[in-house]
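Work through the exercises below with the sequence and the structure at hand. Each task is followed by a worked solution.

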Amino acid sequence: MQKNIDPTSGCSEQVLRLFLAVDIAGSSSYKYRTSAATINGEQEPWHQTFCHVFSSIYNSIRQEINRFRNNFHFSYFTVKLWRITGDEVVFFIDLPSHMAAYWSMLAFIPIVRQYDHNCSERYGVGIKGFAWTAGFPIRNRRIQLSNVSSNAQITSIDDEESPKFFSGLKSSVHIYTDFMGPEMDQGFRLGTHSVPGRILVSPDAAFITAKGRFEADRFDLLQSNSEREDRQSSIPPMRFVHVGWSALNGVLGEEPVPILWAEDIEASDEKIFRRRVFDHVTNSHEAAYRNIKARINDGLEGILDYEELIIFFRHLHSSFVRSGVSHVIPYVSYSDMDEDHAEAWRLGAEWMMDLTEMGG
């Protein structure tokens, strides 16, 4: 008998996560400078300063996303704290759509810029931001470390047996969640190129964000005139700036990867980058890409709008594939998967259905 298979049920989760990281530049110097003043009670301890900054950034991101949601009425999603490591804090968002990436980046960019300015004046430190995406559970995995009596157990919670194990743990047991995989490595490698006051964005995250702008535009067109009139503003613009290339140690075959900044700009400045390479001509995508690449190589203008960024990314993906590098175009939903990943999900769904029929 033929089975009716839901391809999206093959594993414990299928999600594209957007990671937003904040790093304090000059933190070591600040700790040494303030140590004596802290001991004498003349200044608050450095760790309290850092905790305050991290907490304020976290709350600001959530508030800004909520402000956009109230104004533009998109579906609910939230930002969560993943971890604090040294002078760096990392948040993540489970993306329900491409549009969620666009709104998240629009929230993140001005907050990093504002806190970089404030912390530079008040503490003499800078705030760096970087963002990347990672797909789960095929390309990357979520794992958990639990303290059970005297034994610690590490389990991938994307595996079928993991939920059974963790469901039997008492609530008092501490469980630490981590994320691992090649795209996680890529994100942290790229993060070393971030600079204060700017948002460095991985090519994959830039691509998803750019597609999110298209999705936001379609969403805007579907709204009634009265709904658009009730809003306080139009959809804010964003651009990407290509500032160079870097080979990342152990990542993507150590092929050069573009270093991209994501920037928001005031609507009055939109004319700077709204010019399309498609305007007044009928260029193919290949010709358009050559025009973009020529501008960047000549050092004249490394600014890409979201349409140009998508073209740039697809040619970057093709160059990786031609070089024999394993690179997957990121996807939010099953319908966007490439053939290999769609087949993996289909087989996973069959396996789960067989377990169900056997009572497993």
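**Exercise 1. Describe the surface and the interior of the protein chain.**

Solution. Start with the surface: in this predicted model, the protein chain has an accessible surface of about 18000 Å². Carbon and sulfur atoms contribute 50% of that surface. Next, take the interior. Counting a residue as buried when its relative accessible area is under 20%, 50% of the 360 residues in the protein chain are buried. Last, look at the contacts with a separation of 6 or more: 71% of them join residues 24 or more positions apart.

**Exercise 2. State the strand order of the eight-stranded open sheet and find its edges.**

Solution. Begin with the inventory: the protein chain has 10 helices and 11 strands. Eight strands form an open sheet with mixed pairing, in the order S2-S3-S1-S4-S8-S10-S9-S11. The edges are strand S2 (80-85) and strand S11 (303-304), since each of them pairs on one side only.

**Exercise 3. In which sense do S4 and S8 pair, and which residue of S8 is the bridge partner of Ala-131?**

Solution. Strands of a sheet pair through backbone hydrogen bonds, in either a parallel or an antiparallel sense. For strand S4 (residues 126-136) and strand S8 (residues 199-201), the sense is parallel, over three bridges. Within S8, Val-201 is the bridge partner of Ala-131.

**Exercise 4. Which strands does helix H5 touch, and what angle does its direction make with that of S4?**

Solution. Helix H5 (residues 182-191) packs on the sheet. The strands touched by H5 are S1, S2, S3, S4, S8 and strand S10 (256-264). The direction of H5 makes about 165 degrees with that of S4.

Technical notes: Residues are numbered from 1 along each chain as its sequence is written. This is a predicted model: local features need pLDDT of at least 70, side-chain atom pairs count only at pLDDT 80 or more; totals for chains, interfaces and linings use all residues. Side-chain values use heavy atoms; hydrogens and water are left out. Two strands pair if DSSP finds at least two bridges between them. Helices (H or I, at least four residues) and strands (E, at least two) are DSSP runs, numbered from the N terminus. Contact means heavy atoms within 4.5 Å. Axes are lines fitted to C-alpha atoms, for helices over the stretch in contact, and angles run from 0 to 180 degrees between N-to-C directions. Buried means under 20% relative accessible area, exposed over 50%, partly exposed in between (1.4 Å probe, protein chains only). Accessible areas come from the Shrake-Rupley method with a 1.4 Å probe; for residues, only the protein chains shown count as cover.
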